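Hi,

Here's the structure I said I'd pass on.

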Amino acid sequence: MHFANTLRVALRALRRNTLRSLLTALGMIIGVAAVITMVSIGSGAKAQVEAQVASLGQNLITVMPGSFSSGGMRGGFGSSVSLTPEDADAIAAEVANIDGLSAEVRDRNQVLANGLNWNTNVNGVGPDYPYVRNWPMESGAMFTEQDVKSLGKVCVIGKTVADQMFPNEDPVGQTLRIRNLPFRILGVLSPKGFSIFGSDEDDVVLIPYTSHMRRVSRRTSISMIRIQAADADKVAQVKQSVEDLLTQRRRGREPDFTVRTQEELASAATATAKTMTGLLAGIAGVSLIVGGIGIMNIMLVSVTERTREIGIRLAIGAHGRDVLTQFLIEAILLSSLGGLVGVAVGVGGSQALSSYNGWPVLVPTTWIFISVAGSALVGIISGFYPAYKAAQLDPIDALRYE
Amino acid sequence: MSPVVKIQDLHKIYESGEVPVHAVRGVSLEIQRGEFIALMGASGSGKSTLMNMLGCLDRPTRGTYELDGINIDDLDRNELADLRNQKLGFVFQGFNLLARTTALENVELPMLYGRHRKFSMDKIRERAMHCLEIVGLANRFDHFPNQLSGGQQQRVAIARGLVNEPQVLLADEPTGNLDSKTSVEVMGVFQKLNDQGITIVMVTHELDIAKYCRRNLILRDGVVVRDELVADGTIAEEEMQRIKAAEAAAKLTLQAKSEA
Ligand SMILES: Nc1ncnc2c1ncn2[C@@H]1O[C@H](COP(=O)(O)OP(=O)(O)O)[C@@H](O)[C@H]1O
Ligand SMILES: [Mg+2]
């Protein structure tokens, strides 16, 4: 018998039991749709994290106080967990292939202007900061090295702060009070959005780190140093040099700092997303297996129920192999049609989720192929035993079957 | 001309139960082309067993069977299937049509199998339609079995049996599930086919059905005890007219009664 005939026979058999075929395929549809949706959510999250890591800047290296090298953060009494502005200066002076560098002191403060007040992040940074963070000004200009040296009472503000404090006017040139000290606004940063940790990056006021340490927070150590390497292939070398320099500056004390490249940060951040994706896809995969078992079950019932049909076919000249192929094709059609519909449902579902919940979803094409091929495979595996059973029937027994 | 069916000393012993059943005990038989045979006998006399062997659905325990010059002993399972497909047509007592499948698609079924014919779907459809015409059901081609009467279903089954132009049409109690009027209808189809030269072997335990055939074989306990030509056979067309006349008369009397 031609393949086309077998296909026709299988299609007719499925059509004879449309409702049952649909219900059976539903198992596959749900399984595949679940896989596609889960993977889409997972890879959407991963892509978002990657984008956010990229938004940190380019070829970035960060130095943070505290050592993460031996089982969590070390510190406590006696050990001075500190990173100083002098460390930053030393790096700027001695390490080669650095494009930009900024010390950073972080704090939260109440700021006042215009009779309005607002609780925001007040960060002390260097003049290179917008450059290092790849974060251009929207209007006005960044403060300068001179302002840092002179402990200038100047600031630039993020978009959120600008919108909150100066809803109807241009903030540039206005005064902002931090701890009751007037800071002149030199510029407004362009909007940046949310960080990896979900906080609003634009909710920020940047002042010279020297002013921050002396006038606002009265701290002696800084929160971090951001360094931009000159080139992507210089990152590792710069990191090494920074580590060497800081170690040397500590003169044998245990290292109380951590140097991380952007890639390390990215892989740490995406690792979670990857684990989540794997987990979700795993759960969805289980539903695929359940779908497969459903198909096997229905095919077994179908073989028993259609014993007479099989008898008729064998009596009028079907070979065992014809019957085997027919049932196998039925199973494969059920599962792969289910798989195709499942892909459509999954893609539609993740688009709906994305537009409804605002979740970042990304439908990976490879997974579409994987799920369609996977569902066909499930069809072959779950259809084979029932099909084999059908093919082995004896025509007389099958015809006599009630 | 050589006989289309030639069996010699055929035996069938069923070993499946606790005691072996010797269902057919040495049947020898020759069937010529164009014959119309009724295989008769009481229930359990081995009619179906013999038919299954004639139909190449079952192998004899002993004896030889040549169908159209081919010794079936030499054939494997698939070759037997091909032989059934090409040389035999089957009509069963319970019609055995595929449910929820149109009359036409049921008739097409044998053409979907078989190694040697590779017809186009159009050709398959055309031949199936032609066979439905022969049994007078062309106008019902798109009906499902449950939309057809028993006699019509059996005629669809006959059309299916004819579609591969078999050497022999085998029917095991084709009228067993039918009332007397539809039985006549089906026998009429058989007679028409036989007039066109098709060889038919059918099983029946009803004497008046056997009268439609030309030759009667009577089986008892697995052996042929009588083999005779039918002298005063019934002609289905005449019988049908008689039934219709009787029906009309019955209607008239019924009417007369209700008017009275
Ligand atoms: N598959 C079988 N296994 C065992 N015995 C069988 C089988 N088929 C038929 N028989 C026995 O063989 C004998 C002949 O049966 P069968 O050919 O069906 O008779 P008929 O069709 O004339 O009624 C009966 O005694 C029946 O019980
Ligand atoms: Mg019988």
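Below is what turned up, starting with a sheet and moving on to a pair of helices. Keep in mind that this is a predicted model.

**The sheet in chain B**

A quick reminder to begin with: strands of a sheet pair through backbone hydrogen bonds, either parallel or antiparallel. Chain B has an open sheet of four strands, and its pairing is antiparallel. If you walk across the sheet, the order is S2-S1-S4-S5. At the edges you'll find strand S2 (21–31) and strand S5 (70–71) of chain B, each of which pairs on one side only.

Now zoom in on strand S1 (residues 5–14) and strand S4 (residues 62–67) of chain B: five bridges join these antiparallel strands. To find your place there, look for B:His11, which sits opposite B:Arg62 in S4(B). Helix H1 (residues 47–54) of chain B packs on the sheet, where it touches S1, S2 and S4 of chain B. The direction of that helix makes about 125 degrees with that of S1(B).

**Where two helices meet**

How do helix H1 (residues 3–16) of chain A and helix H3 (residues 103–112) of chain B pack, and at what angle? The angle is about 150 degrees, and their axes are 11 Å apart. Angles over 145 count as roughly antiparallel, so H1(A) is roughly antiparallel to H3(B). The crossing of H1(A) past H3(B) is left-handed.

On the H1(A) side, the residues in contact are A:Asn5, A:Val9, A:Arg12 and A:Arg15. They meet B:Glu105, B:Glu108, B:Met111 and B:Leu112 in H3(B). By type, the residues of this contact are three nonpolar, one polar and four charged.

Cheers

Key: Residues are numbered from 1 along each chain as its sequence is written. Chains are lettered from A and ligands numbered from 1 in the order in which they are written. This is a predicted model: local features need pLDDT of at least 70, side-chain atom pairs count only at pLDDT 80 or more; totals for chains, interfaces and linings use all residues. Side-chain values use heavy atoms; hydrogens and water are left out. Two strands pair if DSSP finds at least two bridges between them. Contact means heavy atoms within 4.5 Å. Axes are lines fitted to C-alpha atoms, for helices over the stretch in contact, and angles run from 0 to 180 degrees between N-to-C directions. Angles under 35 degrees count as roughly parallel, over 145 as roughly antiparallel, 65 to 115 as roughly perpendicular and the rest as oblique. A crossing is left-handed if the near helix is turned anticlockwise from the far one by less than a right angle, and right-handed if clockwise. Ala, Val, Leu, Ile, Met, Phe, Trp, Tyr, Cys and Pro count as nonpolar, Asp, Glu, Lys and Arg as charged, and the others, Gly among them, as polar.
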